[in-house]
Amino acid sequence: MKTYNLTTFGCQMNEHDSERMKGMLDSLGYRETPSREQADLILFNTCSIRESADNRFIGHLGEAKRLKTEDPSRIVGVGGCWSQSMKERVFEQFPFVDVAFGPGQIPRLAEFLTSDSLSAQGYFEFESFPGHLPMKRAREFQAWVQVSVGCNCRCAYCIVPSTRGREVSRGAEDVIAEIERVAADGVREVTLLGQNVNSYGRDLPRGSKCTFAELLAMVDAVEGIDRIRYTSPHPKDMREDVVRAHAQLPSLCEHIHLPLQAGSSRILKAMKRTYDRGRYLDRVALIRELVPDCSLTTDIIVGFPGETEAEFAETLEVVEQVRYDSAFTFIFSPRRGTAAADYPDQLPHAVKRERMERLVEAVQRIAAERAQRFVGRTMEVLVEGPSRTDPARVRGRTRHNKAVNFVGSAAPGEFTHVEIESATSQTLAGSARVATPVG
Ligand code: SAH
Ligand code: SF4
Ligand code: F3S
């Protein structure tokens, strides 16, 4: 039996694509091995979102080259966004790579592996849902479900539209059928995935049109699914119906990830985000009004070309005003083929670093303060397994997407109620209130 080793970089889309790759390889008779040295097939599912992602991956690829030199019968395969953004140049720069393919061409890996001649080939031509492929889920009680691929936005910093192509929505029946299947298999929580989930359905054919809010209601109705999450919404398309759904649908969690990127309207315009600070804050006000206890998280970029100190200060102001429960913060990284990479007024690294430090300080301070509102409350927790730091404790997650470590006995996949005793910016701690599962 042949073996494979797959390393995944990047976002949840890639994690999910890797589940499809693994399912496909299993069905071809391959067996997964944790050791790259022992693998007949060394695979990478790559990301190119920032330069640091590229660099990390190139280090791993160096090891694959060494292993391939030791045993030339090994196959080295590179999928994902880095691969798509490089296309044929993958083979020019890394001639030991046997097969390269983009995120929409995962099924082609099977074609390649089962063909008679395994001479180097790349597959970058078209996009399609690998929804028909078998899947090997990474998590037993939680599942990612793709609702759309690609992105029609043109954010000036972002490589994703060129790696994942134009936006294509998956038919609602197809999405629901998959969710019913995973629910029957014991999944309690689904995360709907798309680059801009709020524009879901606009491209579906007449007669099968469906808005994202309608899709959420359909998912909520699926028996056995107790929690629904989604990522990411785009503030420009975040409508009242979706916000209202958080108040109305029992399964839809009290958490919205609403990427800000920058607090200055001028920078947002240069980023081509198509909303300004005012509109973003309006969306936040609507969320606070309709779903008062909702967790809000975000993505922020510092050091976008031309960002002045005063404009950066506007980002800090929005952070102080919105009071996020947590935020992913990134230093602007120029990406090949994107508009912002060619903007003339790139900032020195030291300036970006220093702004990042100030931003992280604010984000962490506010996250820690926000988390205190949970102390003394009893929260529903979906149990994931033993705590990573203290095996005597159990780890789980609240509907607000806060990680919780608690004293008690509960099996993965169970819902339990935990009384929260303390909170930091990252995690909550407490004790199980009831011994029996409540979900
Ligand atoms: N589709 C999602 C984002 C995908 S990328 C959305 O629009 O919300 C995840 C995050 O990476 C982005 O929100 C952005 O904050 C960050 N990012 C993307 N390109 C970047 C770049 N060139 N430099 C720094 N951060 C970047
Ligand atoms: Fe990138 Fe913007 Fe599309 Fe998100 S919405 S994937 S940031 S282009
Ligand atoms: Fe995701 Fe990275 Fe591609 S963040 S969409 S894997 S560039």
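A polar contact is a pair of N or O atoms within 3.5 Å; within protein, one atom must be able to donate a hydrogen and the other to accept it, and residues adjacent in sequence count only if both atoms are side-chain atoms. Keep that in mind as we set off.

This is a predicted model, in which local features need pLDDT of at least 70 and side-chain atom pairs count only at pLDDT 80 or more, while totals for chains, interfaces and linings use all residues. Residues are numbered from 1 along each chain as its sequence is written, chains are lettered from A and ligands numbered from 1 in the order in which they are written, and side-chain values use heavy atoms, with hydrogens and water left out.

**Stop 1: ligand 1**

Select ligand 1 and Gln 195: a polar side-chain atom of Gln 195 lies 2.7 Å from a nitrogen atom of the ligand. At Ser 333, a polar backbone atom is 2.8 Å from a nitrogen of ligand 1. Taken alone, ligand 1 exposes 550 Å², and the protein buries 89% of that (accessible areas come from the Shrake-Rupley method with a 1.4 Å probe; for residues, only the protein chains shown count as cover).

**Stop 2: Ser 83**

Next, pick Ser 83 in helix α3 (residues 81-86); helices are DSSP runs of H or I with at least four residues, strands are E runs of at least two, and both are numbered from the N terminus. Is Ser 83 buried or exposed? It is buried, with a relative accessible area of 0% (buried means under 20%, exposed over 50%, partly exposed in between, with a 1.4 Å probe and protein chains only). Its side chain reaches the backbone oxygen of Val 78 at 3.0 Å.

**Stop 3: salt bridges**

The whole structure holds 41 salt bridges, each a side-chain nitrogen of Lys or Arg within 4 Å of a carboxyl oxygen of Asp or Glu. Show Glu 380 and Arg 227, whose side chains meet at 3.0 Å, N to O. This pair links distant parts of the chain, with Glu 380 in strand β15 (residues 378-386) and Arg 227 in strand β11 (residues 227-231), 153 residues apart. Glu 380 is partly exposed at 27% relative accessibility, whereas Arg 227 is buried at 0%.

Finish at Glu 361 and Arg 365, a salt bridge with its closest N and O atoms 3.1 Å apart. They are separated by about one helical turn because they sit four residues apart in helix α13 (residues 349-371).
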